[in-house]
Amino acid sequence: SLVLVTGASGFIAVHTIKTFLENGYPVRGTVRSHAKGEYLADLFKGSKVPFEYVIVEDIAQPGAFDEAVKGVAGVAHTASPFHFRVNDPQQLIEPAVKGTLGVLESIQRNNPDVKRIVITSSCASIMDDAAPKPHVRTEKDWNETSLKEVEGKGRDAMPIDMYRASKTLAERAFWKFIDEKKTSWDGATICPPMVYGPILQQVSSTSGLNTSNASLLDWLTGNKKQSDIPEVAPFNWVDVRDVALAHVRALTVPEAGGERFIVGAGPGSPNDLVLSFERHFPDRKTYPKGDALKVEAINAQSNRYDGSKAERILGIKYHDIDMSVKDTVESLITRLGV
Ligand code: NDP
């Protein structure tokens, strides 16, 4: 049965499409341009089930998905702006919320046969960065702090809070829609922390690299210094291949209906990144030095997003950070010559 993947040109989406195809689900992807579609058609031309694409230039336009949703049995909605080049929260909130509701409204109008819709939310919709560390967060938690920041400060809020608010509001809108409309289909949401992994998407230079891998590249190339390595792990992380599989399972495993899933492998720190660089790419002299003795202490003081529900219900077995970083760097070298 055909699956729709929105934002098909994105870092997470290309892995998600690959995993759907490998599991025997034909995929229709939405992209903004023919060039992006043709890149994917070429990438997936040898797959055992077909990939096709349709153009959706702007997910925030009314009726944008009216054609794209026809004939699909399920949807993985990944499209949403993930960058910080904004000076007004609406630049992120509008596409995030209208894009999500737009998919749902098009389904209601044009496709009575859809069984489930999965959306790519984020730990951004769960986190409370103001809470003292260490602390644990689960699927029961919601990010109120970023919403308050954006409500209170508007255009003066930090772009990262604008992004986090956009993800929180989009996920809330999703659950509210299901609740209020008593939809014939059910939903699930995937909430990853920082995602690393090999790049499959079309990208021709480091300036076009997706936001999360770009943050790893900053450490590899020495844009960040020794003194920037924090004593408390600043983020949790997960491998993109685990996130992709989580989308496939969330769309197909019956028990996933109605559930949020944190898909996260645990705390991660720049210290872990640079130690992996040292282990696998010792000849590069570009990055700062890590401290192997501090790994546990740094990560133990972090907040933790509990990713065990995805292990239990979706059968995810998380990649190890060392191998994930190695694979990411190898792909950055091969694809971008970093
Ligand atoms: P990318 O930037 O690679 O992917 C975002 C995708 O959304 C792109 O295909 C982009 O198209 C598309 N898109 C954005 N805005 C619009 C719009 N207005 N109209 C049409 N398409 C649009 O990032 P990721 O793959 O990392 O992100 C995918 C999803 O995962 C997002 O929802 C993000 O919030 C979420 N996420 C990502 C995490 C990470 O660390 N990477 C962590 C947690 C959640 P185009 O490139 O053509 O603009």
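Predicted model: local features only at pLDDT ≥ 70, side-chain atom pairs only at ≥ 80, totals over all residues.

Mentor: Residues are numbered from 1 along each chain as its sequence is written, and side-chain values use heavy atoms, leaving out hydrogens and water.

Trainee: Is Gly99 buried or exposed?

Mentor: Buried means under 20% relative accessible area, exposed over 50%, and partly exposed in between (1.4 Å probe, protein chains only). Gly99 is classed as buried because its relative accessibility is 0%. Gly99 is part of helix 3. Leaving aside residues up to four places away in sequence, Gly99 touches Ile59, Ala60, Phe65, His77 and Glu94 (contact: heavy atoms within 4.5 Å).

Trainee: Which residues line the largest cavity?

Mentor: A cavity is a set of points on a 1 Å grid over the protein atoms alone where a 1.4 Å probe fits but cannot get out; lining residues have an atom within 4 Å of a point. Here the largest cavity has a volume of about 40 Å³, and its lining includes His77, Ser80, Thr100 and Lys167. Ser80 lies 7.3 Å from Gly99, C-alpha to C-alpha, at a sequence separation of 19 residues.

Trainee: Which residues form the nonpolar patch on the surface?

Mentor: Phe82, Phe84, Met158 and Ile160 form that patch, with about 330 Å² of accessible area together. Phe84 counts as partly exposed because its relative accessibility is 33%.

Definitions and conventions: Patch = residues over 30% accessible without salt bridge, like charges linked within 9 Å, V, L, I, M, F, W, Y side chains within 5 Å. Areas by Shrake-Rupley, 256 points an atom, 1.4 Å probe, with all protein chains shown as cover. Salt bridge = Lys/Arg side-chain N within 4 Å of Asp/Glu carboxyl O. Helix = DSSP H or I, 4+ residues; strand = E, 2+ residues; numbered from the N terminus. 1 Å grid on protein atoms, 1.4 Å probe; cavity = no way out; pocket = protein on both sides within 12 Å on 5 of 7 lines; lining within 4 Å. Points joined across faces, edges and corners; volume = space filled by probe spheres on them.
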